[in-house]
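Okay, thanks everyone, let's get going.

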Amino acid sequence: MDTRLSGDVIVVGGGVIGLATAVVLAERGLRVRVWTRDPVERTTSAVAGALWWPYHIEPMARARTWALRSLEIYEELAERPGETGVRLVDGILGETELDEVQGWAAGRLAGLRRTTAREYGAGPGVRARLPLIDMSAYLPWLRQRLLRAGGTVEERTVTDLAEARAPVVVNCTGLDAGRLAADPSVRPVRGQLVVVENPGVDTWLVSTGPDGETAYLFPHPGRLLLGGTAQDDVWSLEPDPKVAEAIVRRCAALRPEVAGARILEHRVGLRPVRGTVRLERAVLPDGRPVVHHYGHGGAGVTVAWGCAEEAAALVLPAAS
């Protein structure tokens with residue numbers, strides 16, 4: 001094994017968490033290398049519907065702090081949507097009381113108000129203008145921002161974190177952390193999407209039916225993302241035709257114009273869920289510091305920048 005150390009930091013994992021963390025570190029003056037098993041465009045993050053909202057993540061109090069910090073950055077990025085892929089879009093979050101949202105996001109969400117019966121008659125709901133991120137544009141932009149800051153991205157499969165020969169290692173490997181960090185608490189929650197031609201839907205909608213099944217519609221340039229599912233401990237990445245049919249049916253019940261939309265693509269992703277996000281500094285067997293940064297569930301995009309800044313605060317003392 002090559003025992004030489006290279007650079008200041010190696011970030012293992014090239015999804016949205018790894019890239020955001022690498023960007024923050026590089027822009028603070030560190031020499032950063034990202035090792036990613038898959039091309040950025042084919043990571044789990046690329047499958048995300050990517051509406052900003054703290055979903056399927058714990059601890060919720062910290063997640064909301066990370067999310068609100070990330071919101072500030074996404075609002076800035078939304079000023080250049082053609083470049084960054086980030087837009088601010090109006091929409092409705094069903095089965096949600098206004099008081100619940102105001103309790104943690106009062107004054108921070110544009111256009112936040114209770115829905116009217118005409119807008120959403122299925123039950124309580126809130127309307128707001130939130131960041132909606134086109135991951136096909138955002139991830140390449142994020143990689144390019146890292147390269148401009150002097151960082152590098154290398155496609156490389158890692159079987160042991162000790163392979164990362166740098167003074168500090170950052171573990172942003174998502175589900176692979178179960179193996180690389182010997183953490184059996186990391187598990188998949190499978191999500192499936194159907195991508196269709198957009199029949200004219202220009203607002204997002206998230207709704208939960210009486211049976212607990214979720215339907216959501218996220219409009220992106222040239223297409224509409226329909227979801228979704230949350231299947232615990234399911235590892236399959238193959239689209240299930242019956243699940244796809246049910247997704248379209250639920251979404252069409254909310255927006256009838258979706259029923260005849262031409263299907264463009266099926267997507268499946270595995271959310272890296274853990275009882276709580278692991279964001280802490282530890283040591284590798286050889287004594288080098290490692291910052292573990294994984295377990296963000298379905299909210300990786302939502303909390304990425306707030307988490308990245310906290311991770312950087314753990315890295316910087318160790319790298320100095």
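Let's start with leucine 93, which is buried, at a relative accessible area of 11%. Keep in mind as we go that this is a predicted model. Leucine 93 belongs to strand S3, residues 86–94. So what does leucine 93 touch, leaving out residues up to four places away in sequence? The answer is Trp53, Gly125, Val126, Trp204 and Val206. Take the tryptophan 53 one: it is 40 residues apart from leucine 93 along the chain, and the two C-alpha atoms are separated by 9.8 Å.

Next up, helix H4, residues 98–105. Which residues of H4 are buried? Those are Leu98, Val101, Trp104 and Ala105. They sit on the same side of H4, because they cover an arc of only 150° around the axis. One more thing here: just after H4, glycine 107 has a positive phi, about 80°.

Now over to threonine 229. Look in the loop between strand S11 (223–227) and strand S12 (231–232) and there it is. Buried or exposed, this threonine 229? Buried, with a relative accessible area of 11%. Its side chain reaches the backbone nitrogen of glutamine 192 at 2.8 Å. Gln192 also turns up among the residues that threonine 229 touches, along with Arg190, Gly191, Val243, Ile247 and Arg271, again not counting residues up to four places away in sequence.

How many disulfides does a search of the whole structure find? It finds 0. Cysteine 172 is in no disulfide, and the nearest cysteine sulfur, in cysteine 307, is 9.5 Å away. For accessibility, cysteine 172 counts as buried at 8%, and cysteine 307 counts as buried at 0%.

Last topic, charges. As a reminder, side chains of opposite charge can pair when their charged atoms come close. A search of the whole structure turns up 26 salt bridges, and I'll pick out some.

One of them is between the side chains of glutamate 309 and arginine 69, at 2.9 Å, N to O. That pair links distant parts of the chain, with glutamate 309 in helix H8 (residues 300–319) and arginine 69 in helix H2, 240 residues apart. Glutamate 309 is partly exposed at 22%, and arginine 69 is partly exposed at 30%.

Then there's arginine 187 with aspartate 232, a salt bridge at 3.7 Å, N to O. Here arginine 187 is in strand S8 (residues 187–196) and aspartate 232 in strand S12, 45 residues apart.

And finally glutamate 213 with arginine 250, at 3.8 Å, N to O. Glutamate 213 is in the loop between strand S9 (204–208) and strand S10 (214–220), and arginine 250 is in helix H7 (residues 241–254), so this pair ties together parts 37 residues apart in sequence. Glutamate 213 counts as partly exposed at 37%, whereas arginine 250 counts as buried at 19%. Elsewhere, salt bridges with shared partners join Arg37, Asp38, Asp176 and Arg179 into one network.

Methods. Residues are numbered from 1 along each chain as its sequence is written. This is a predicted model: local features need pLDDT of at least 70, side-chain atom pairs count only at pLDDT 80 or more; totals for chains, interfaces and linings use all residues. Side-chain values use heavy atoms; hydrogens and water are left out. Helices (H or I, at least four residues) and strands (E, at least two) are DSSP runs, numbered from the N terminus. Buried means under 20% relative accessible area, exposed over 50%, partly exposed in between (1.4 Å probe, protein chains only). A polar contact is a pair of N or O atoms within 3.5 Å; within protein, one must be able to donate a hydrogen and the other to accept it, and residues adjacent in sequence count only if both atoms are side-chain atoms. Contact means heavy atoms within 4.5 Å. A disulfide is a pair of cysteine sulfur atoms within 2.5 Å. The arc is that of the directions from the helix axis to the C-beta atoms. A salt bridge is a side-chain nitrogen of Lys or Arg within 4 Å of a carboxyl oxygen of Asp or Glu.
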